[in-house]
Amino acid sequence: MAEITSLSSSVPTTPTQGRERKIVHEARFDWKSVNIRGIKFRYSQLDVPKNLRNPVIQLDHYYMGLPTFGPHKHAGLVAVSYILEDSEGSFMSDVSLSLGDILIRPGDIHWTFSNRGILHDEYPEAKSKVHGIQILLNLPEKDKCKAPRQLTVRREDIPVYENVKQGVRVRVVSGAFKHLESPKREEMAVDFTLLDCKVAAGCRFKLESKDLKSRESCWIYVLRGEGEAYDSLGKATRIVGLSSVGFSGTDGDMEIVASKDVDAGMHFLLGHAESIDEQAVWGGETCGFSGVYLKDVKAIEESRRFYNAGGFGKLAPLSERRPDHWSLQQ
């Protein structure tokens, strides 16, 4: 998916290393619609300061029914597509450099490692209404010069932690949780944990410090439902659909309590990662070369020259790649 301008953090927050895990940021971001090539795109975003979500550059929660963005550039980042289980249909990921086209089904997660540069296009299969999450992750500098690659984990291979008595179900989409670990973890290049969590109405989900690997920050993005989030000091904040909460501190447990007044319970994403403390900037914001996330202006200009020389490969418009599919969408 192409770059959408990220939310700017209202107040920078310094992680409280070695301290109790506290709620340090909370925000709500309603659905927003933008017109892209004449198509209305509906999305919401994770809204926590950069240093609480590092190496997440951007997280978009969206619905998409038509091909929207068209082929676009990426370099220096990973585009992660997680199609939620309730999605009505599948998603296609097409890339240049003969890496192949991938069908991403509901419940699947797909990683496109753009590395030194690639052309990318993602779109719903015909007659689908895709409900998904797009995450852009920064890459370590050492990986930004490597050849692009792709990686897919199918829904049936994603481990699930379930405690029926406590009303908790957790898909370990990426990374690890308790005794479970996502497949192909050693191939990810970024140590990033993404948990897809559902808590039944009136139930509690306790996350122990060891479940979060004692990392200095983590975040929650609520997809639907409402309830309360408690930090290790017992401070509570009300959370509802499309809200974000950031936690800072390495010690102590946290707890999510789903409201008993919402029959469907609560559905949220929880993320934490090993920070990548290396400088990187958006090419579009600094040099007018959008879709790339590299060290500095010099690196972006080098990427532009590589692109102009054909280094990103070629990817024709969808109407030429799949004219049968395109005609069904009109």
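Predicted model: local features only at pLDDT ≥ 70, side-chain atom pairs only at ≥ 80, totals over all residues.
Strand 12 runs antiparallel to strand 9, which covers residues 109–113, and five bridges join the two. One place to look at this pairing is W111, whose bridge partner in strand 12 is L151.

Another open sheet has four strands, ordered 5-10-7-8 and again described by antiparallel pairing. The edge positions belong to strand 5, residues 72–74, and strand 8, residues 102–104; each has a single partner strand, so one side of each is left without a neighbour in the sheet. Inside the order, strand 7 is joined to strand 10, residues 118–124, by five bridges, and the two strands run antiparallel. M92 has Y123 as its bridge partner in strand 10.

Is H25 buried or exposed? Its relative accessibility is 10%, and because buried means under 20%, H25 counts as buried. The side chain of H25 also reaches the backbone oxygen of D47, at 3.1 Å.

E88 sits in a loop, the one between strand 6, residues 77–83, and strand 7, residues 91–95. Its relative accessible area is 56%, and E88 is therefore exposed, the cut-off for that class being over 50%. Once neighbours within four places in sequence are left aside, E88 is in contact with S128 and K129.

K206 belongs to strand 18, residues 204–207. With a relative accessible area of 45%, K206 is partly exposed, because that class lies between the 20% and 50% limits. Which residues is K206 in contact with, leaving aside its neighbours within four places in sequence? They are D211, D253, M254 and E255. G65 is 141 residues away from K206 along the chain, and 36 Å separates the two C-alpha atoms.

The remaining features are spaces in the protein. The second largest pocket holds about 220 Å³ of space. Its lining consists of 13 residues, and those nearest the pocket centre are K144, L294, A299, E302 and S303. Helix 3, residues 297–308, gives the largest share of this lining, with four residues.

How many cavities of 30 Å³ or more does a search of the whole structure find? The search finds three. The second largest cavity has a volume of about 40 Å³. Residues lining this second largest cavity include L52, R53 and N54, together with S217, C218 and W219, and also G271, H272, A273 and S275. At least two residues of the lining come from each of helix 1 (50–53), strand 19 (217–224) and strand 24 (266–273).

Definitions and conventions
Residues numbered from 1 in each chain as written. Heavy atoms only, no water. Buried < 20%, exposed > 50% of the residue type's maximum accessible area, 1.4 Å probe, protein only. Polar contact = N/O pair within 3.5 Å; in protein donor to acceptor, adjacent residues only side chain to side chain. Pairing = 2+ DSSP bridges. Contact = heavy atoms within 4.5 Å. 1 Å grid on protein atoms, 1.4 Å probe; cavity = no way out; pocket = protein on both sides within 12 Å on 5 of 7 lines; lining within 4 Å. Points joined across faces, edges and corners; volume = space filled by probe spheres on them.
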